[in-house]
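Subject: Structure handover

Hello,

Here is the structure I promised to pass on. Please open it alongside this note.

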Amino acid sequence: MKLFPIFADLTDRLVLVVGGGAVAERKTLALLEASANVVVGAPALTPALAALVTEGRVRHLPGTFNADWLQDVWLVVAATDDRTVNAAVSQAAEARRIFSNVVDDPELSSFQVPSIVDRSPVIVAISSSGVAPVLARRIRERIESLFDHTLGQLAGLAAVYRKRIRASLPDLGARRRFYDWLLDGPVAGFLRQQQPAQAEAALADALAAPIAPAEGSVVLVGAGPGDPGLLTLKALRALNEADVILYDRLVSDEVLSLARRDAERVPVGKLPGENHHATQARIHGLLVEYAQAGRRVVRLKGGDAFIFGRGGEELEFLRAHGVRYEVVPGITAALACAAYAGIPLTHREHAQSVRLITAHCREDEDNLDWPALAREKQTLAFYMGVGQLDLLTQRLLRHGRSPDTPFALIENGSRPEQRVVSGRLAELPELARDHAVRSPALLIVGEVAGLAPQLHWFGQHLGQQALTA
């Protein structure tokens, strides 16, 4: 190793920052977070640094660097824009055996400040030995996505109960199993749900009695429309913690590839022509079966589970059977597909409201308020409407929507094979047939759809030139 990793306790220890600009300000704030006693030496200070001096949180040494500033200092950070000054700081510190960091200059530094993932008291530090700071930041971004922000709370709770845990579980193997339970079980779940009192109660109860077998749970995760980059950090963490993943037909392979490698993957998507009620009942049964067997289950649904996804029904069933659950929202198709097609769902000149509508119903079940939907200056987003385009067009035209109203039909939104067909409402069914549009596709009707030809930026756009809304 070129560098020896070390975590320094700087509480009330004197640290010198040389420089009074924006970089020195950033380093000073980080040192204050570590409870260091910071003195800043510089001819002038940023307003923020000057405010810290006024508040008494930082001491100021005015003027240019003087080696006497290093008296009683534990560490020094050189953050000026003058390499000559920075070199003088480094040399003076080296002569006094004081560790020094010259910002963005590893050759002059005897220690380097890593990129960090802060889940205090848990801290993860990443260094590229100063040769590739961008790489270190990229690694930090990846690690950030792996750990929930409540990890620090969990570590703090474990610290409070550490002596009691050791006393209650003198056997090392039993103690390790207990910590596994602590990290994976209901205590961590309560903290994620911002219920610290329940978390502590669960920990105390577990110490008062033998640990019960692992309790299963379900996380209802919205996978978004297909682009794995649209997954939330919580969704990614859930996929990496899952024992079992029950996934829908429209969940992309790219999203599934991000899941824990040894997780059991169970396809439960509904297929065209299936009895959807029977399929949903089978899904309910599997969720409860796996959870009651102590498994951590992810129910992975395309888009967002609460937008035409029957997520509410699944939670009702889980609650009725006493299964713990969490919900991780996903980016619903209307938001993602419109954005990837360059269509703003609202626009102060064209639309002041958005309606999300499912077109997945038979004509004799049609209870939509078509006169309201046919009004201008609103955006309509129809889910699951490919098989109903003739009916949708007829209904809107019959109730007064202009034949010239722009539409955009977005097939495979956010995926590499995305296509957008746009035109005027009266031409919708014909254009969809001409281009052989297939599910999954989202239909947007409204003045904002007229912006698709000129604002599109992703995938293939098929249709007329920019329409006048």
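My notes below start with the whole chain and then go to single sites.

This is a predicted model, in which local features need pLDDT of at least 70, side-chain atom pairs count only at pLDDT 80 or more, and totals for chains, interfaces and linings use all residues. Residues are numbered from 1 along each chain as its sequence is written, and side-chain values use heavy atoms, with hydrogens and water left out.

**Whole chain**

The chain has 18 helices and 18 strands. These are DSSP runs, numbered from the N terminus: helices are H or I with at least four residues, strands are E with at least two. The chain is more spread out than a compact globule, because its radius of gyration is 29 Å, well over the 23 Å that the globule rule gives for 469 residues. (That radius is taken over C-alpha atoms; the rule is 2.2 Å times the number of residues to the power 0.38.) The C-alpha trace spans about 85 × 60 × 40 Å along its principal axes.

Of the 469 residues, 47% are buried. Buried means under 20% relative accessible area, exposed over 50%, and partly exposed in between (1.4 Å probe, protein chains only). Contact means heavy atoms within 4.5 Å. Among contacts with a separation of 6 or more, 63% are between residues 24 or more positions apart.

Asp248 sits in the loop between strand S9 (244-247) and helix H11 (253-256). Is Asp248 buried or exposed? Asp248 is buried, at 14% relative accessible area. Its side chain makes a polar contact with the side chain of Arg299, at 2.9 Å. (A polar contact is a pair of N or O atoms within 3.5 Å; within protein, one must be able to donate a hydrogen and the other to accept it, and residues adjacent in sequence count only if both atoms are side-chain atoms.) Setting aside neighbours within four places in sequence, Asp248 is in contact with Val268, Gly269, Arg299, Leu300, Lys301 and Gly302.

Arg249 lies in that loop between S9 and H11 too. Arg249 is partly exposed, with a relative accessible area of 45%. Arg249 and Pro267 are 18 residues apart in sequence, yet 7.0 Å apart in space, C-alpha to C-alpha.

**Two helices**

Helix H10 (residues 233-241) has Ala235, Leu236, Arg237, Ala238 and Leu239 buried. Their cover includes helix H4 (133-144), S9 and strand S11 (296-301).

In helix H5 (residues 151-160), the buried residues are Gly152, Leu154, Leu157 and Ala158. They pack against strand S6 (115-119) and helices H6 (162-168), H7 (172-184), H8 (186-192) and H9 (196-208).

**Backbone points to check**

A cis peptide bond joins Ser120 and Pro121, with omega about 10°. Pro121 is in the loop between S6 and strand S7 (122-126). Another cis peptide bond joins Ser439 and Pro440, with omega about 5°. Pro440 lies in the loop between helix H17 (428-434) and strand S17 (441-445).

Asp12 is not a glycine, yet has a positive phi of about 60°. Asp12 is in the segment before strand S1 (14-18). Asp12 counts as exposed, at 65% relative accessibility. Ser35 also has a positive phi, near 65°. Ser35 is in the loop between helix H1 (22-33) and strand S2 (37-42). Ser35 is partly exposed, at 40%.

Best wishes
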